[in-house]
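Please work through each task before reading its solution.

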Amino acid sequence: MDYHVDQIDRVIQNAISVMEDSKVQVFEICEAARRELLSLTHELETVLQETSDTIDKVDRIERDYRLARIRLTEVSRDFVRYSERDIKSAYEKATQLQLDLMVYREKESYLKARRDELQMRVKGVEVSIERADTINLQMSVVLDYLSGDLTQVTRILESAKNRQMIGLKIILAQEDERKRIAREIHDGPAQSLANLVLRTEIAERMLDTNDLELVRSELIDLKSQIRIGLEEIRKIIFNLRPMALDDLGLVPTLRKFVQDFEEKTRIRSVFETSGKEKRLPNAMEAAMFRLVQEGFNNALKHAQSTFVSLELIFLDDTVRMFIQDNGVGFHPDIVEARSKSHSHFGLIGMKERVDLLQGKIEIESTIGQGTVIKINVPIKADSRKELIAHGE
């Protein structure tokens, strides 16, 4: 036994050494990306300010050019009152303003294109930093496990390997979920609000032109953008924790989820229930909802299906759930083996959730004939179900 422990110790120490070196390299890459992000952010701020100044300049030149055109028309009509010199001066001023307007409009177009390019580059670098941070987090978690007491590690390897795997995956899944939410807020509402600020500034400057139709059109567009942003925020809130789940229960929440899924994906979706509907413990309802979310997302991402159905059956002491699609199907054994070697929270994540609920799950799939996921969960499960609520 000591011989095996020594072997495990050498393997672990080598793994720790390699991962620590890799972590340093990832950190250096991440720091380089942060420096690039800082440089790009400063340049973007400069371009944004220059764009704003140029827009103001274009507005002023347009106003002066309109006045110059009016002046040119006035002196050209009244040959008696104005001399040829006055007409020439008015013409030269209008021509110069026209040239200036062309130049600054071209500059405004260039600055807007540069602004869009910088925003895309900033977003790309942010994604790279986020990925590097994720890798560092995963490596830190693994290093924490590997750096523990060797006797403890050996015991875990021998008697509690699956439990540790579940704990690790739950930790990583929680961090991935936090990053996904942050990314959704950054790419959605945050970008929309930044755009709204810019658009309101433009609308404010338009007021000086007294072109009420143009201002009205801009305000209508702003109202539309605000509605879109509000809808994005509501979707993020719903994905975090549907309020209907606490207020109305599992069945109404699932019915709305299936309807929204069909509208969003254009995949025909059906939801049916049977038996006497009843409210379940909060933790169980949350876990059942997440199981349906995961099942439908798998059908969307991997199955290439055109139809998905959900059936919920209430029995006296059990809830049964059937999620079925008409997609391409797969070999369950192969997919499960691959899932165990990766850190994603797919079908194996569903199995772990059901296990925590003291339930059973069966996955039946055939190539070309779709997939059926069968879940049985006892209603009177013990307090372990509360782990699901905390994991949400």
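**Exercise 1.** Is Arg266 buried or exposed?

*Solution.* The model is predicted, so local features require pLDDT of at least 70 and side-chain atom pairs count only at pLDDT 80 or more, whereas totals for chains, interfaces and linings use all residues. Residues are numbered from 1 along each chain as its sequence is written, and side-chain values use heavy atoms, with hydrogens and water left out.

Step 1: the classes are buried (under 20% relative accessible area), exposed (over 50%) and partly exposed in between, with a 1.4 Å probe and protein chains only.
Step 2: Arg266 has a relative accessible area of 73% and is therefore exposed.

**Exercise 2.** Describe the largest nonpolar core.

*Solution.* Step 1: such a core is a set of buried Ala, Val, Leu, Ile, Met, Phe, Trp, Tyr and Cys residues joined through side-chain atoms within 4.5 Å.
Step 1: the largest one has 38 residues, and Met288, Phe296, Leu310, Leu312 and Ile375 have the most contacts inside it.
Step 2: elements giving two or more residues include α7 (250–265), α8 (282–303) and β2 (307–314). The largest share, 10 residues, comes from α8.
Step 3: with neighbours within four places in sequence set aside, Met288 is in contact (heavy atoms within 4.5 Å) with Leu250, Leu312, Val319, Met321 and Val377.
Step 4: another core, of 13 residues, lies apart from this one; Val26, Cys30, Leu37 and Val125 are among its members.

**Exercise 3.** Which element gives the most residues to the lining of the second largest pocket?

*Solution.* Step 1: the elements that give two or more residues to this lining are α1 (2–77), α2 (84–146) and α4 (161–206).
Step 1: α1 gives the most, with seven residues.

Definitions and conventions: Helix = DSSP H or I, 4+ residues; strand = E, 2+ residues; numbered from the N terminus.
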